[in-house]
Amino acid sequence: MKKTTAIILSALFICTSLLCGCSSEESKPQSGPAEASSTVKEKEALALEKGTTYTFKTKEIWCENNGNKIYGIAYIPDTNKKCPLVITCHGLGTNHEAGIGYAEHYAKIGVAAYTFDFCGGTKSSDTNKSDGKSTDMSVMTESADLEAVFNTAQTWDFVDTSRIFFQGGSQGGLVSAITGVRLKDKIAGMILLYPAFGMYDFVHRAYPSYESISGTMEIVNDMVIGEAFGKDLWNYDVREHLSEFTKPVIIIQGTEDNIVLPSVTEQAAKLIPNCEMKLINGAGHGFGSKELDEAADYAMEYLYKNC
């Protein structure tokens, strides 16, 4: 692959890390999927009320997909009732820390959150605790990871399984949309942050044909992807299926994003039957602390309305 193509892809696929928060408490990691509590069905569902705030605890929980262990942290409001859950998905080259700032906001209003590392979704094992290599990763392997997390979350005794939402940023937004369409009858809605709906177009610009997709490529600060990345997107454009998702969706986008263009996001938003879009003036690709707070405010208003 020519050097210029690699440089273009680096710019297209780069994802900015989001603000990370602090944990209030931490427990030892759980090996494998969580087991269902015998009291799950006996618990009352928590009703969200504006003005009510909660303390929360954190818990490391491991999930599994096709033999690969998936690391994540749950943010659990201190209540004996079952809570709505937001499963957050990070972008290409980042990790579970991208979801921490949002998870803390949600837990304080009574919404549990789980933020996790995609298998092979980050270049370094120092920052990604899940199994897998980046050269084996694609949006479809990440979609399978998300579905595995969703299935496991249904066994957690703090979760109201009728109110599980997906949230994703950039490539994580694309993965959330792909998986959301597949699980359209099972999840309650989606929160999409600058979702990379144009990734299909990028792959077709980078490669002249499906047969030309081979080998590895270096992108995003020395992260290396394999041919699965291009091949898994070549024949699938989620925009052709967005109309199938009729649950409520909110899309939050920066006006100055030069990687995921607002115009591309706005066109995709029109394809979703029940979608609202919020623009953050001056924000680029990825939100800093002030922008994250604004995005979280939009997302929490969405949760109050749809939980």
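**Entry 1: serine 170**

I began at serine 170, which at 5% relative accessibility counts as buried. Buried means under 20% relative accessible area, exposed means over 50%, and partly exposed lies in between (1.4 Å probe, protein chains only). I found serine 170 in the loop between strand E5 (159–169) and helix H4 (171–182). Helices (H or I, at least four residues) and strands (E, at least two) are DSSP runs, numbered from the N terminus. I looked up phi of serine 170 and got a value near 55°, which is positive in a residue other than glycine. I noted beside this that most residues other than glycine have a negative phi.

**Entry 2: what I am looking at**

This is a predicted model, in which local features need pLDDT of at least 70 and side-chain atom pairs count only at pLDDT 80 or more, while totals for chains, interfaces and linings use all residues. Residues are numbered from 1 along each chain as its sequence is written, and side-chain values use heavy atoms, with hydrogens and water left out.

**Entry 3: the whole chain**

I looked up the helices and strands in the protein chain and noted eight helices and 10 strands. Of the 307 residues in the protein chain, 54% are buried. The accessible surface of the protein chain comes to about 13000 Å², and carbon and sulfur atoms hold 46% of this surface. Accessible areas come from the Shrake-Rupley method with a 1.4 Å probe; for residues, only the protein chains shown count as cover. I then looked up contacts (heavy atoms within 4.5 Å). Among contacts in the protein chain with a separation of 6 or more, 78% are between residues 24 or more positions apart.

**Entry 4: another positive phi**

I went on to asparagine 66, a residue other than glycine, and its phi is positive too, near 55°. Asparagine 66 is in the loop between E1 and strand E2 (68–77). Is asparagine 66 buried or exposed? Asparagine 66 is exposed, with a relative accessible area of 77%.

I checked helix H2 (residues 100–108) and found it mostly covered, with seven of its nine residues buried. The buried residues of H2 include Ile100, Tyr102, Glu104 and Tyr106.

Which residues are buried in helix H5 (residues 199–206)? I noted Met199, Phe202, Val203 and Ala206. Seen down the axis of H5, these buried residues fall within an arc of 100°, so they line one face of the helix. The arc is that of the directions from the helix axis to the C-beta atoms.

**Entry 5: strands E9 and E10**

I followed strand E9 (residues 249–254) and strand E10 (residues 275–280), which run parallel and are joined by six bridges. Two strands pair if DSSP finds at least two bridges between them. Glutamine 253 has leucine 279 in E10 as its bridge partner. From E9 the chain goes through helix H7 (residues 262–269) to E10, in a right-handed β-α-β crossover. Right-handed means that, with the strands pointing away from the viewer, the path from the first strand over the helix to the second runs clockwise.

**Entry 6: salt bridges**

How many salt bridges does the structure hold? I noted nine. A salt bridge is a side-chain nitrogen of Lys or Arg within 4 Å of a carboxyl oxygen of Asp or Glu. Side chains of opposite charge can pair when their charged atoms come close.

I looked up glutamate 301 and lysine 50, whose closest N and O atoms are 2.8 Å apart in a salt bridge. This pair links distant parts of the chain, 251 residues apart: glutamate 301 is in helix H8 (residues 289–306), and lysine 50 is in the loop between helix H1 (3–13) and strand E1 (56–65). Glutamate 301 is partly exposed at 39%, while lysine 50 is exposed at 55%.

Lysine 305 and glutamate 276 also meet in a salt bridge (3.7 Å, N to O). Lysine 305 is in helix H8 and glutamate 276 is in strand E10, 29 residues apart. Lysine 305 counts as exposed at 57% relative accessibility, and glutamate 276 as partly exposed at 25%.

In helix H6 (residues 227–234), glutamate 227 and lysine 231 are four residues apart, so about one helical turn separates them. Their side chains meet in a salt bridge (3.1 Å, N to O). I read 33% relative accessibility for glutamate 227, which is partly exposed, and 26% for lysine 231, also partly exposed.

Last, I noted a network of salt bridges that links Asp201, Asp237 and Arg239.
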